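Please load the model in the viewer and follow the selections below in order.

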Amino acid sequence: MSIWEALAVFAAGIGAGTINTIVGSGTLITFPVLLATGLPPVTATVSNALGLIPGCISGAIGYRAEMAGQRRRIVRLSVGAAIGAFAGAALLLTLPPTAFETIVPILVGLALLLVLFQPYISKAVKRRRERNGTRTNPDGGPLLFVALTLASVYGGYFTAAQGIIYMALMGMLLQDTMQRLNATKNMLAAVVNSVAALFFVFAAHIDWTAAGLIAVGSTIGGQIGAKVGRKLKPSVLRGVILAVGTCAILQLTLGG
């Protein structure tokens, strides 16, 4: 890897760490850069997953105030995230590289629709619960656990736009603020990347130079993303998610 390629990977790590903390989809920044340096797709994927772990942790630390009172929820959902990540990592090494090319843009598109209409759907659900006299499960119940576990299978496989899918699911099934949900999303992303990377360390080839550069860059980006993301109003944050998600769909559809 030349000095210019190393700088490009480092800069991509900063960008990915920043966007992952605010929304997700940072892999869409780092993955093409790693491919451009000559890394094979699977090596690029596993090196990227390992490198983004410090960025996820950095972003989660930046959102520590929003995580107050969410310990039970995060621990419970992290179990499903870990199971899904392990399954997704195993699939990456067994399925052909094109296996998810068709389904991924569809998943992201559906997630964006849920994010767009989430305020209206949440109000309707809340009114129905009030009429029936039922209370919201603070952890989202079995439905959210299963849904996030399945989303984490995809996260362990590729990670791009998994944060958008998490936000859509939690926004539908949890009564909480966007910023607190974003804090939970960052923790779940850290779990998924960590489990997948641990699997890859023993089962796949990793380019440690690339992973190290992304790790340092994403750690810096995680702090930047937390400072920016925590200041965004819910409507603005939702708009950022929709914009990034649309770009993700275009890149996944046209760039592949």
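The tour moves from confidence to helix packing and then to salt bridges.

This is a predicted model, in which local features need pLDDT of at least 70 and side-chain atom pairs count only at pLDDT 80 or more, while totals for chains, interfaces and linings use all residues. Residues are numbered from 1 along each chain as its sequence is written, and side-chain values use heavy atoms, with hydrogens and water left out.

Colour the chain by pLDDT (the predictor's confidence in each residue, from 0 to 100). The chain mean is 83, and 86% of residues reach 70 or more. Helices here are DSSP runs (H or I, at least four residues), numbered from the N terminus.

Next, select helix 3 (residues 41-51). Of its 11 residues, 9 are buried, so the helix is largely enclosed by the rest of the structure; buried means under 20% relative accessible area, exposed over 50%, and partly exposed in between (1.4 Å probe, protein chains only). Among the buried residues are Thr43, Val46 and Leu50.

Then select Arg73, Asp176 and Arg180, which are linked in a network of salt bridges (a side-chain nitrogen of Lys or Arg within 4 Å of a carboxyl oxygen of Asp or Glu). The closest N and O atoms are 3.0 Å apart for Arg73 with Asp176 and 2.8 Å apart for Asp176 with Arg180. Arg73 is buried at 8% relative accessibility, whereas Asp176 is partly exposed at 25%.

Finally, select Arg230 and Glu66, a salt bridge whose closest N and O atoms are 3.0 Å apart. The two residues lie 164 residues apart.
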